[in-house]
Structures are given as C-alpha cells and as structure tokens.
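Please keep the sequence and the structure in view while reading.

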Amino acid sequence: MAVRKTNLSALSTPQSAAFHLLVIRLSALGDVAMAIPVLLAVVRTYPHLQITCLSREAFAPLFDLIPNTTLYPIEPAGKHKGFHGIYKLFNALRKVGIHGVADLHGVLRTHILKFFFGFTSVPYIQIDKGRVAKRALTRHQNKLFVPLKSTHQRYADVFGELGFPVDLNQVTLVSRQPLSAATAKLLGKSRGKKIGLAPFAAFQGKMYPLEAMDSVIQMLNETAAYSLYLFGGGKEEAHQLQKMAAPYERTVSTAGELSFREQLMVISNLDLMISMDSSNGHLAALFGIPTITLWGVTHPHSGFAPFRQNPEHWLMADRNLFPAIPTSVYGKRTPKGYERAIGTIPPAMIVKKAQEVLGSASSKSSE
C-alpha cells in the first residue's frame, strides 16, 4: 500500500461540513503504536471526522491501518527544521482549515505549534503526561508504587477535551494483514505455533541479556513445537539477530530482510510475541496478538503496558533485589548495580509462560 500523504489543496476548509482534526504524535515508534488503538476508537465512534496525523513518514504503515485518516509527514531535519520551519508548517496547516488539534506528544516542537495556533480560534489540547505522579513513582526515596493512568487513556483524554470522548473498552483491534510474496514465503516455512521475539530496547536497563535470550530460543527450539521469528532494527541489531538465529533450524531473523510494512504483516500473523518494554510489544498488541513483555528498570505501573494485554503476561525484574524499580519511565536512568536487573527473570520462566499462553504442545511434538 502506498504511503498516504495529505493533499493540502484538497483538505476540507472550516466552511466544509466535516470537522477537520489534526492529531500530533511525532515519535517514537512505540509511542506512535500506542496511539493507534485510540485513533481506531475515534474514527469508529466519529466516522465523519476528518483526521490528519502529523508524524514521520517512516510510520506511514501504522497510519494506513486507520480508516479515514491521512498522514502529513513532518520533516524536522528539512523544511520543518527549527522555529522558522515550524512556522512554515503552521501556515500550511492553517490554510487547509484545521478545526482542532490533539497534541499527543507535548514536546518543544509541539509547544511552538501551540504558540502559533494560540493566535487563532482553533482549540489546541495537549496531553497531560502526569509528570508529578511519574516522578513519585520513579524516585528512590518515599516512592509511591501505585499504578498510574495508562498512556492510552491519556491519549483518549485529549480527544475527550476536544469534544470527542471515546470508550477504549469498545476498540476493535486491527485484523491480521494479508501477506506479501516475501512474507508469505517466510511464514510458509513455519511449523507449529509462530512466536516472535524482540530482544532489543532503546536502553540497556530494559534489554534482556542476549545470552539469556539465546537460552530462551534454544529451549523453545528444543520443543520442536514452534517456529521463531526475531525482530529488531538497524544494521548492528540485524547482525546480532542473524547470529542468534543461525544455529537453529526453526529460527529466522526478519531484521534487515523485511520492510517495516512487511514486518507488520508478519507480526499480525504470529501466535505470540515476546518483547521487552519496547515498540514490538505495542505493535503486536495492535493486532490482538498475545504478548509477553519483559520489564527491567521500567514497570507497567508507569502506564506503558501494551494495549489490552493480560497482566499475567508481564514478567518483571525482582523488586525484592532491586527495590528502586521503576527507576525511570522510559528506562533512561539505570542506577549502578541495576544494569542487569532484568536478568532476574529466568529463561525457563519465559518459556513456561510462552507454553501457558499457547496452550503448549508436548516436548518434541510430531512435525
């Protein structure tokens, strides 16, 4: 499917019947993926609403999953760079008749856009990130270890303030995607249940040790009941994943082999995803794929658990040994000695949970 971009000359003006809503979520991949179920709720609750999403062109395959939605790609390193670039962006958006802005990001670039929209009558609602509660959750002393509002609900609250409330309990998730020739060939070789594994994360404190993940892969392979697909991005991750997959007949790395759109096709046809607190868990959740998430210095209490996943599928580092967890919301802060806290999740526990979720086949099942 081709990337859909907003045709600025063709969009509705304020005189048109449709309400034209600008939705902003520029990055990162996991956060954009978390916005998709909320947008699905919005477009299905308000089918006549016209939505333009301001985000990166690389995320186009995600926005293509949402009906009645177009992508306007921001170019932060090009024509939309800096204060003057954002002013150009504001003028382009103003000319096409934006009636309201849902800012799901709340960063410097969007603060500047809000400043410009402040000179118009267009309502501009920004996400409440709950920073005070998150600081209380992540501080070392007098930690308030309580579940916070989910990020999905924080997104939904923005739409509610704009007059478009949605019930996230009523969201219909995305269907399995039709396969391209490359992905059909890849999955056509699968035997047994299909498991995705995404061992990487943006920060060390959120990443399961690769040697331990190798043990997980080995144990899953030895059951002869599953086909495994490894996910990651970038040349270095692709190289490491290829090395991890090489010894095992039933394991394939998709990294560097498939486009992002094709990876989504594969993910949507999995039976299970095993992911860090990272984007692949959120991508699998979009399709209702059962997802086991591994948590190190972060924690589901911060509100970033994958959408509509069973809490019993969250495997967490031992807080008896590492009581400061969560040390940060995104995993940026890893106190000394906490670098391998996630390693307190035994590989055998992950394998056992995978077998529980899949209604495990017996060891060495027949082909």
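## Terms and basis

Helices (H or I, at least four residues) and strands (E, at least two) are DSSP runs, numbered from the N terminus. The model is predicted, local features need pLDDT of at least 70, side-chain atom pairs count only at pLDDT 80 or more, and totals for chains, interfaces and linings use all residues. Residues are numbered from 1 along each chain as its sequence is written, and side-chain values use heavy atoms, with hydrogens and water left out.

## The chain as a whole

The chain has 12 helices and 11 strands. Its radius of gyration (taken over C-alpha atoms) is 21 Å, close to the 21 Å that the globule rule gives for 367 residues, so the chain is as compact as a globular protein of that length. That rule is 2.2 Å times the number of residues to the power 0.38. Along the principal axes, the C-alpha atoms fill a box of roughly 65 × 55 × 40 Å.

Of the 367 residues, 56% count as buried; buried means under 20% relative accessible area, exposed over 50%, and partly exposed in between (1.4 Å probe, protein chains only). A contact means heavy atoms within 4.5 Å. Among the contacts with a separation of 6 or more, 69% are between residues 24 or more positions apart.

## Around P300

The loop between β10 (291–295) and β11 (314–316) holds P300. P300 is buried, with a relative accessible area of 8%. Leaving out residues up to four places away in sequence, P300 touches W295, A305, W314 and M316. The C-alpha atoms of P300 and F90 are 36 Å apart, and the two residues are separated by 210 positions along the chain.

R308 also lies in the loop between β10 and β11. R308 is partly exposed, at 44% relative accessible area.

## Backbone points

Most residues other than glycine have a negative phi, and most peptide bonds are trans. Which residues have a positive phi near 55° without being glycine? A224 is one of them, and R308 is another. A224 sits in the loop between α8 (210–222) and β7 (226–230) and counts as buried at 15% relative accessibility.

Cis peptide bonds are found too. One joins S27 and A28, with omega about -15°; A28 is in the loop between β1 (20–24) and α1 (29–45). Another joins I325 and P326, with omega about 0°, and P326 lies in the loop between β11 and α12 (347–358).
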